[in-house]
Amino acid sequence: MKNVKITRRSFLLGLGAASSALLLSACGSTDAPASSASTSALPQPDSGAPASSAASEVPLEPILRVDEFPITDGSTACIPLIAQIMADTTGLDPETARSAVTTNTTAQAWRNLGLYGNNYGDSVKLIIAYEAPESVKEELKADGDPLEQKAIGRDALVFIVNEDNPVQSLTRQQLKDIYAGAITNWKDVGGKDQEIIAFQRRADSGSQTLFQKLLIQGGPLMEAPTELAPTAMGELVDSIAEYNNSANAIGFSVYYYIDQMYSKPGLRLLAVDGVTPSNETIADQSYPLCNEFYAAILQDSAADSPGRRIYEWLSTDAGRSCIERSGYVAVQ
């Protein structure tokens with residue numbers, strides 16, 4: 001099994017006794033649910049649409065002990081959500097939950113659950129991730145489609161340029177032509193007379209999968225040199241900001257990552273077909289490049305297993321509230 005390291009089992013086991021003592025202490029001093037104290041200090045997202053009042057008022061009731069929380073993998077852009085799920089379902093302090101969460105690539109997360117999830121006692125039992133690449137879907141199909149999955153939220157593919165670039169919006173066709181190599185100069189789309197430097201991601205990344213599915217759709221795509229296909233999402237953002245100190249680079253990511261996790265001075269998002277990405281335009285899907293992200297477990301997960309209990313909880317009012325309070329758009 002490759003590089004499984006999400007919620008560190010030894011870390012959680014060590015936290016179990018201490019967290020139980022803290023929760024008991026909290027229960028002894030107030031009539032409020034123990035988890036209320038652990039989530040009240042969580043900063044609220046400062047962009048996008050706020051959670052509905054009904055969702056934000058859902059009382060938080062832990063459903064697991066800390067040491068029961070299943071080993072979880074997922075996409076980089078889902079790390080804050082995984083941490084909030086851990087906090088809400090166990091009563092763990094959100095900051096402590098964040099320190100317990102790491103992820104592999106989107107592709108490897110799907111493999112770790114679907115291909116290796118039953119192989120080891122400490123293997124991945126739950127993933128929160130963006131859509132799997134087609135190559136991984138084929139691997140899972142060949143293994144008998146062992147997963148049960150459902151959409152729990154919606155995000156979008158967004159395009160990033162330097163703030164000094166005068167181009168404010170591109171059509172989907174213009175973006176296709178840029179990445180096919182048919183449009184190579186910004187002057188051809190209303191910008192300066194500068195070569196377009198188009199960054200991509202590696203094939204196993206979640207954002208590259210969305211890029212292929214939502215924009216390219218099987219059409220021509222130029223091969224990006226290694227230096228224009230960073231491994232990490234943050235590296236892509238840094239590269240666009242720093243490329244020759246000029247305004248001729250373009251790249252893409254998912255909206256939540258850019259808006260909430262890794263904003264960078266000197267960059268801005270392009271409108272696509274005249275619509276600017278935001279929580280509102282993603283929720284109503286007026287922004288044209290939207291796609292769901294997923295929770296998945298093994299089909300044979302027992303009804304009382306921690307992984308399935310969280311999987312089912314994510315479709316409750318409390319689960320949707322967790323997604324929204326983390327700054328994502330929940331699927332109703």
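Is Phe 211 buried or exposed? In this predicted model, Phe 211 counts as buried, because its relative accessibility is 0% and the cut-off for buried is under 20%. Keep that residue in view, and let's see what surrounds its ring.

Aromatic rings pair if their centres lie within 6.5 Å, and by this rule the model holds nine aromatic pairs. One of them joins Phe 211 and Phe 252, with 4.2 Å from centre to centre and 10 degrees between the planes. This pair counts as stacked because planes under 30 degrees apart fall in that class.

Next, turn to Tyr 256 and Tyr 328. Their rings are also stacked, with centres 3.6 Å apart and 10 degrees between the planes. Here again distant parts of the chain are linked: Tyr 256 is in helix α11 (residues 255-261), and Tyr 328 is in the loop between α14 (317-325) and β10 (329-330), 72 residues apart. Tyr 256 is buried at a relative accessible area of 5%, and Tyr 328 is buried at 4%.

Which residues do ring pairs link into a cluster? Tyr 256 and Tyr 328 are joined there by Tyr 130 and Phe 293.

Finally, look at a ring with a charge over it. The charged end of Lys 150 sits over the ring of Tyr 311, at 4.3 Å from the ring's centre.

Conventions. Residues are numbered from 1 along each chain as its sequence is written. This is a predicted model: local features need pLDDT of at least 70, side-chain atom pairs count only at pLDDT 80 or more; totals for chains, interfaces and linings use all residues. Side-chain values use heavy atoms; hydrogens and water are left out. Rings of Phe, Tyr and Trp (its six-membered ring) pair if their centres lie within 6.5 Å; planes under 30 degrees apart count as stacked, over 60 as edge-to-face and the rest as tilted. Buried means under 20% relative accessible area, exposed over 50%, partly exposed in between (1.4 Å probe, protein chains only). Helices (H or I, at least four residues) and strands (E, at least two) are DSSP runs, numbered from the N terminus. A charge sits over a ring if NZ of Lys or CZ of Arg is within 6 Å of the ring centre and within 35 degrees of the ring normal.
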